[in-house]
Amino acid sequence: MPNVRAVPTLRRRRLGEALRTYRAQAGLSLGRAAEFMGWDESKLSRIENAKARMPPPGVTKLLRLYGVNDPEVAAALENLARDAGKQGWWQTYGDAVALSYKDYLTLETDAESIQINAPLIPGLLQTGAYAREIIGAMALTRTPEEVIALAEVRKTRQAILTTRAGGPLKFWAVIHETALHQRFAAQPTLMREQLRHLLDMSDLPNITIQVMPLAAGAHPGMLGLFEVVRFPHPWPTVVQLENLRGGYLVEGTEDVKVFETAFERVVAAALPVDESRETIKKIMEGNGM
């Protein structure tokens, strides 16, 4: 299959951006770099714009030309080139999973750690019943079948916390206390099961859960959900924001730093881990749950 047919997946876009950045830092024109590789200029342009495949050996050759000698950088970009065209397990759900969500699932799969400020219980910590209720309420244009499919996707995602090859994701969630008091009249035991699940997940060494108490006062987390997503070297940290229309990414060192600082302040305002567990237990055991 010719390179021009390559699908511009998120991994392919990240690879192209990295190669373009290193070429610019080396002060080389597109034509000069393509000539070194024995390619037409248009071929390298398509690679940098995620419209063509890049063979892993070509990555190493280009990086040498660009003066990039860090073996970790070379290995990371070669792996990205190797995996760029891979289809995630979520592809089997078709159009039920929006393109922006597919991109996020790719990031989540590749991430080393995620820190989340969560007005709701985060998707990675939701039970199936809670996920169906929340998705049904938020997905205003979805059919019942699509809601079920999205809930299945959410549950399948959670394997990243326990059984991911290469080690589980490090996950740090600050959950606002209001989310813990949610009730579902048609399913009176749903929240007890959800809160018990939070306690069980908090026992895992890679998961940190804090509760933002009602009495916390003003803090940056009041502005809404955001996730700080970190990757192994050399990939930069990104931030995921969400609203009713879906999610979008914030990139760039200065913009990301704002959210990293915000999360530090959210953590400082939240209850310590042990107190958070006790708060979850008290809410679970009280109020007729």
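Colleague: What share of the contacts with a separation of 6 or more comes from residues 24 or more positions apart?

Modeller: In this model, which is predicted, residues 24 or more positions apart account for 74% of the contacts in the chain with a separation of 6 or more. Buried residues make up 48% of its 289 residues.

Colleague: What makes Arg 13 and Asp 103 a salt bridge, and which parts of the chain does the pair tie together?

Modeller: The side chains of Arg 13 and Asp 103 meet at 2.7 Å, N to O, and because the limit for a salt bridge is 4 Å, the pair qualifies as one of the 9 salt bridges in the structure. Arg 13 lies in helix H1 (residues 10-25) and Asp 103 in helix H6 (residues 99-110), so the bridge ties together parts that are 90 residues apart in sequence.

Colleague: Why do Arg 13 and Asp 103 fall into the burial classes they are given?

Modeller: Arg 13 has a relative accessible area of 28%, and since buried means under 20% and exposed over 50%, Arg 13 is partly exposed. Asp 103, at 17% relative accessibility, falls under the 20% limit and therefore counts as buried.

Colleague: How do you know that Arg 23 and Glu 48 form a salt bridge, and are these residues buried or exposed?

Modeller: The closest N and O atoms of Arg 23 and Glu 48 are 2.7 Å apart, which is within the 4 Å that a salt bridge requires. Arg 23 lies in helix H1 and Glu 48 in helix H3, so this bridge ties together parts that are 25 residues apart in sequence. Arg 23 has 12% relative accessibility and counts as buried, and Glu 48, at 5%, counts as buried as well.

Colleague: Why does the pair of Glu 146 and Arg 142 still count as a salt bridge at 3.8 Å?

Modeller: The closest N and O atoms of Glu 146 and Arg 142 are 3.8 Å apart, and because the limit is 4 Å, the pair is counted. Glu 146 is partly exposed at 24% relative accessibility, and Arg 142 is partly exposed at 26%.

Colleague: Why is the pair of Trp 89 and Trp 90 called edge-to-face?

Modeller: A search of the whole structure finds 4 aromatic pairs, and Trp 89 with Trp 90 is one of them, at 5.4 Å centre to centre and with 80° between the planes. The centres lie within 6.5 Å and the planes are over 60 degrees apart, so the pair is edge-to-face. Trp 89 is partly exposed at 32% relative accessibility, whereas Trp 90 is buried at 4%.

Colleague: What makes Tyr 130 and Phe 184 an edge-to-face pair, and where in the chain are these residues?

Modeller: Their ring centres are 5.9 Å apart and their planes stand at 85°, which meets both the 6.5 Å distance limit and the requirement of over 60 degrees. Tyr 130 is in helix H7 (residues 128-138), while Phe 184 is in the loop between helix H9 (177-180) and helix H10 (190-202), 54 residues apart. Tyr 130 and Phe 184 are buried.

Colleague: How do you know that a charge sits over the ring of Phe 231?

Modeller: The charged end of Arg 14 sits over the ring of Phe 231 at 4.5 Å from its centre, and the distance limit for this arrangement is 6 Å. Lys 61 lies over the face of Phe 36, at 5.5 Å from the ring centre, which is also within 6 Å.

Colleague: Why does Trp 235 count as buried, and which residues is Trp 235 in contact with?

Modeller: Trp 235 has 16% relative accessibility, and since buried means under 20%, Trp 235 counts as buried. Trp 235 is found in the loop between E4 and E5, and, leaving aside neighbours within four places in sequence, is in contact with Arg 14, Ala 18, Ala 76, Leu 77 and Leu 80.

Colleague: Which residues have the most contacts inside the largest nonpolar core?

Modeller: The largest nonpolar core has 64 residues, and those with the most contacts inside it are Leu 77, Leu 125, Leu 161, Phe 171, Ile 175 and Leu 198. A second, separate core of 14 residues includes Val 174, Phe 226, Val 228 and Val 250.

Conventions
Residues numbered from 1 in each chain as written. Predicted model: local features only at pLDDT ≥ 70, side-chain atom pairs only at ≥ 80, totals over all residues. Heavy atoms only, no water. Phe/Tyr/Trp six-rings, centres within 6.5 Å; stacked < 30°, edge-to-face > 60°. Buried < 20%, exposed > 50% of the residue type's maximum accessible area, 1.4 Å probe, protein only. Helix = DSSP H or I, 4+ residues; strand = E, 2+ residues; numbered from the N terminus. Lys NZ or Arg CZ within 6 Å of the ring centre and 35° of its normal. Core = buried A, V, L, I, M, F, W, Y, C linked by side-chain atoms within 4.5 Å. Contact = heavy atoms within 4.5 Å.
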